[in-house]
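This report describes one protein chain, from its overall fold down to single residues. Look at the sequence and the structure below before reading on.

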Amino acid sequence: MPSVHFLFRLAKTTAVIAIGLMALLIVIGNTTDYFTNYLFVEHVMKMDTIFPGSHLQYRSVNSTFMFHAGYILLIIMEAAMAFCCINGSWLLAKNLKNSATVFHASKNWAVAGLIIGIIIWFLGFEVIGGEWFAMWQSKIWNGLAAAERILSFLVLVLILLHLKEEDY
């Protein structure tokens, strides 16, 4: 039976690859079916489905260029996240049986990918989409629940990665 230290290393590696694969699938979906989620970005930025008479309407954007620019930036960040997490999981897997110091040092790419994910789903969806563009007021174009679900897992994996490594 493998030691508990090895199993925790395996859990860390597995969680990071799962996040990397999720990000990769999101990128594939957003590029192969571009206009489905583009509409989400457009409606959030237009603020056309928030509460009628909301005094926050002055924040709305009505620029096709800005809709595409925001969505393309989002896809680029998701691709960077996928790259970092997949690369990070490869380095973690490669060092599963090495010393605690070497395994710990191999976490950099994974941590970078998780940070990018936190930027996407907290800063992008929660702060900018949810609060600035009042996405929380929309019954139709509201991605806050999905963002919170993803963000929770990202933060939990970040904490898991931070746990002290021990030699076994």
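How many cavities of 30 Å³ or more does a search of the whole structure find? The search finds one. The model behind this result is a predicted one.

## The chain as a whole

The chain has six helices and zero strands. The C-alpha trace spans about 60 × 30 × 25 Å along its principal axes.

Of the 168 residues in the chain, 40% are buried. Among contacts with a separation of 6 or more, 79% are between residues 24 or more positions apart.

## Helix 1 and helix 6

Helix 1 (4–32) has 29 residues. From its first C-alpha to its last, helix 1 reaches 41 Å, close to the 42 Å expected at 1.5 Å a residue. Its buried residues include Phe-6, Arg-9, Lys-12, Val-16, Ile-19 and Asn-30. The buried residues of helix 1 pack against helix 2, helix 3, helix 4, helix 5 and helix 6.

Helix 6 (144–162) has 19 residues and reaches 26 Å between its first and last C-alpha, close to the expected 27 Å. Buried residues in helix 6 include Leu-144, Ala-147, Ile-150, Leu-151, Leu-154 and Val-157. The buried residues of helix 6 pack against helix 1, helix 3 and helix 5.

## The largest pocket

About 750 Å³ of space lies in the largest pocket. Its lining has 31 residues, and those nearest the centre are Val-41, Gly-70, Leu-74, Gly-124 and Phe-125. Two or more lining residues come from each of helix 1, helix 2 (34–46), helix 3 (64–94), helix 5 and helix 6.

Which helix gives the most to this lining? Helix 5 does, with eight residues. By class, the lining of the largest pocket divides into 23 nonpolar, six polar and two charged residues.

## The largest cavity

Rolling a probe the size of a water molecule over the atoms shows where empty space is left. The largest cavity holds about 30 Å³ of space. Its lining is made up of His-43, Val-44, Met-47, Thr-49, Ile-50, Phe-133, Met-135, Ser-138 and Trp-141. Six residues of this lining are nonpolar, three are polar and none is charged.

Met-47, one of the lining residues of the largest cavity, lies in the loop between helix 2 and helix 3. Met-47 has a positive phi of about 60°, although it is not a glycine. Its relative accessible area is 1%, so Met-47 is buried.

## Other residues in loops

Ala-134 is placed in the loop between helix 5 and helix 6. Ala-134 also has a positive phi, of about 55°, and it is not a glycine. Is Ala-134 buried or exposed? Ala-134 is buried, because its relative accessible area is 0% and the limit for a buried residue is under 20%.

Pro-52 lies in the loop between helix 2 and helix 3. With a relative accessible area of 82%, Pro-52 is exposed. The C-alpha atoms of Pro-52 and Ala-110 are separated by 43 Å, and the two residues are 58 residues apart along the chain.

Lys-107 is in the loop between helix 4 (100–105) and helix 5 (108–132). Lys-107 is buried, with a relative accessible area of 3%. What does the side chain of Lys-107 make a polar contact with? The partner is the side chain of Glu-165, at 2.8 Å. Leaving out residues up to four places away in sequence, Lys-107 touches Lys-12, Leu-92, Leu-161, Leu-163 and Glu-165.

Tyr-34 is found in helix 2. Its relative accessibility is 17%, so Tyr-34 counts as buried. Not counting residues up to four places away in sequence, Tyr-34 touches Gly-29, His-68, Tyr-71, Ile-72 and Ile-75. The C-alpha atoms of Tyr-34 and Ala-15, 19 residues apart along the chain, are separated by 27 Å.

How values were computed:
Residues numbered from 1 in each chain as written. Predicted model: local features only at pLDDT ≥ 70, side-chain atom pairs only at ≥ 80, totals over all residues. Heavy atoms only, no water. Helix = DSSP H or I, 4+ residues; strand = E, 2+ residues; numbered from the N terminus. Buried < 20%, exposed > 50% of the residue type's maximum accessible area, 1.4 Å probe, protein only. Polar contact = N/O pair within 3.5 Å; in protein donor to acceptor, adjacent residues only side chain to side chain. Contact = heavy atoms within 4.5 Å. 1 Å grid on protein atoms, 1.4 Å probe; cavity = no way out; pocket = protein on both sides within 12 Å on 5 of 7 lines; lining within 4 Å. Points joined across faces, edges and corners; volume = space filled by probe spheres on them. Nonpolar A, V, L, I, M, F, W, Y, C, P; charged D, E, K, R; others polar. Expected span 1.5 Å × (residues − 1).
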